[in-house]
Amino acid sequence: MIDYLEIKGYKSIKNLELEMKPINILIGSNGVGKSNFVSFFKLINAIFNERLQKYVLEEKADNLLYYGRKTTEYLFGKLIFNSGNGNNNAYCFNLAQTKEGSLYFEAESSGYNVLRENRTSGYYTLHNLLESNIPKNFSYRNNYLREHLKNIQVFHFHDTSSTSFLRRECDINDNLYLKQDGRNLPAFLYLLKVNHPKIFGRIEKTIQSIAPYIDKFILEPNRLNENEIALRWIDKGDSESNFSAYQLSDGTLRFIALATLLLQPNPPSVVIIDEPELGLHPFAINILSGMIQVASSKAQIIVATQSPGLISNFKPEDIIAIDRSIEENQTIFKRLNSEDLKVWLQEFTLGDLWERNIINSGQPFIKR
């Protein structure tokens with residue numbers, strides 16, 4: 001679990017220091033910087049997979065640095081992970097510009113039992129690297145740090161078009177973990193059906209609660225090609241039916257992927273989802289809220305949303321309000337506080353307060 005996060009000079013985030021909790025629901029209007037926060041973890045994934053140069057080439061350094069290369073010289077990041085038994089591991093990096101317009105590690109540090117406010121004590125630091133040293137350095141502390149970093153996963157199930165990976169068949173043996181875009185959803189569900197039948201049954205029943213027309217899933221190897229498997233289902237009104245994922249609505253397909261992600265027995269340590277409520281009925285959003293709470297006992301959950309219905313199912317301390325500050329010229333983050341909202345919550349839900357703009361960057365107006 002990430003205990004503490006620090007970001008400086010990244011996209012719309014000039015300076016962020018944030019304590020993280022098991023559930024972190026980010027709310028904010030369009031364009032305030034929610035997606036920038038989520039994309040920071042995509043940068044972390046690229047770094048861990050030694051693809052920093054490719055990532056910068058695709059995204060452009062000007063787009064990654066706060067107000068571009070002329071304004072911001074360095075991109076700084078720090079993550080402190082709770083390693084249990086009162087110990088922590090930390091990852092800290094400073095990305096500087098090259099003359100060619102790319103970024104490189106001016107400094108990359110791995111830390112053990114560090115303090116939040118200190119950037120040197122407890123750290124081992126290397127300088128002037130094109131790609132991260134962490135994946136290939138098997139020191140004792142890096143072994144722990146690798147486990148933390150590889151378990152930060154950003155999931156996006158937005159593409160439900162006719163050509164999306166979510167609707168296609170896949171390799172039946174591609175089942176080690178659920179892929180970030182759900183491309184191996186049938187194979188992973190088949191693994192759960194065989195190895196974890198109780199959990200699979202729970203997932204199936206949860207899906208049926210929002211899609212009662214699904215009698216059960218058909219998850220079997222393709223009889224013409226046993227290396228392939230597709231997501232198929234039987235309609236409740238016709239036991240002889242055999243429908244494919246192409247016959248599922250966009251919202252139902254996304255919900256199937258979300259239920260599989262959040263109810264699986266061994267989720268990644270940090271699960272990040274951007275706008276999971278897309279295409280979901282309000283009842284399904286309530287079920288989604290419950291799945292997030294269940295999953296938070298096994299994983300740290302970070303969700304960016306614009307759904308009042310979703311945030312109404314959580315306590316204020318789970319919510320981080322995001323806004324753009326004109327004075328500071330950056331995205332600002334504020335975790336809500338139950339005491340500040342106590343009077344308001346006697347009459348309204350958190351979703352009501354947000355819709356009425358009573359929650360403004362995490363600071364409620366005074367009720368008179």
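Asn133 counts as buried at 15% relative accessibility, where buried means under 20% relative accessible area, exposed means over 50% and partly exposed lies in between, for a 1.4 Å probe and protein chains only. Asn133 is found in the loop between β7 (123–129) and α4 (140–150), the helices (H or I, at least four residues) and strands (E, at least two) being DSSP runs numbered from the N terminus. Leaving aside neighbours within four places in sequence, Asn133 is in contact with Glu108, Leu126 and Asn142, contact meaning heavy atoms within 4.5 Å.

## Basis of the description

This is a predicted model, in which local features need pLDDT of at least 70 and side-chain atom pairs count only at pLDDT 80 or more, while totals for chains, interfaces and linings use all residues. Residues are numbered from 1 along each chain as its sequence is written, and side-chain values use heavy atoms, with hydrogens and water left out.

## Packing of α5 against α7

Two packed helices are described by the angle between their axes and the distance between the axes. Helix α5 (residues 185–195) packs with helix α7 (residues 250–263) at an angle of about 45°, and their axes are 11 Å apart; axes here are lines fitted to C-alpha atoms, for helices over the stretch in contact, and angles run from 0 to 180 degrees between N-to-C directions. The helices α5 and α7 are therefore oblique to each other, given that angles under 35 degrees count as roughly parallel, over 145 as roughly antiparallel, 65 to 115 as roughly perpendicular and the rest as oblique. The crossing of α5 and α7 is left-handed, a term used if the near helix is turned anticlockwise from the far one by less than a right angle, with right-handed used if clockwise.

On the α5 side, the contact is made by Leu185, Phe188, Leu189 and Leu192, and on the α7 side by Ile256, Ala257 and Thr260. Sorted by class, the contact of α5 with α7 has six nonpolar, one polar and no charged residues; Ala, Val, Leu, Ile, Met, Phe, Trp, Tyr, Cys and Pro count as nonpolar, Asp, Glu, Lys and Arg as charged, and the others, Gly among them, as polar.

## Packing of α7 against α8

Helix α7 also packs with helix α8 (residues 282–295), the axes of α7 and α8 coming within 9 Å and crossing at roughly 20°. The helices α7 and α8 are therefore roughly parallel to each other, and the crossing of α7 and α8 is left-handed. From α7 the contact draws on Phe255, Leu258, Ala259, Leu262 and Leu263, and from α8 on Ala284, Ile287, Leu288, Met291, Ile292, Val294 and Ala295. The residues of this contact of α7 with α8 divide into 12 nonpolar, no polar and no charged.

Gln293 lies in helix α8 and is partly exposed, with a relative accessible area of 37%. Not counting residues up to four places away in sequence, Gln293 touches Ile23, Asn313 and Phe314. The C-alpha atoms of Gln293 and Glu277, which are 16 residues apart along the chain, are separated by 15 Å.

## Loop residues

Two asparagines have positive phi values. Phi of Asn113 is near 50°, a positive value in a residue other than glycine, and Asn113 is found in the loop between β6 (103–112) and β7, where Asn113 is partly exposed, with a relative accessible area of 35%. Asn329 has a positive phi of about 55° although it is not a glycine; Asn329 is found in the loop between β17 (319–325) and β18 (330–335) and is partly exposed at 36% relative accessible area.

Asp318, in the loop between α9 (308–311) and β17, is buried, with a relative accessible area of 7%. Apart from residues up to four places away in sequence, Asp318 touches Ile23, Asn24, Ile25 and Arg335. Thr349, in the loop between α10 (338–341) and α11 (350–355), is partly exposed, with a relative accessible area of 33%. Thr349 and Ser312 are 37 residues apart in sequence, while their C-alpha atoms are 5.5 Å apart in space.

## Cysteines

A disulfide is a covalent bond between the sulfur atoms of two cysteines. The structure holds zero disulfides, a disulfide being taken as a pair of cysteine sulfur atoms within 2.5 Å. Cys92 counts as buried at 5% relative accessibility, and Cys170 is buried as well, with a relative accessible area of 8%.
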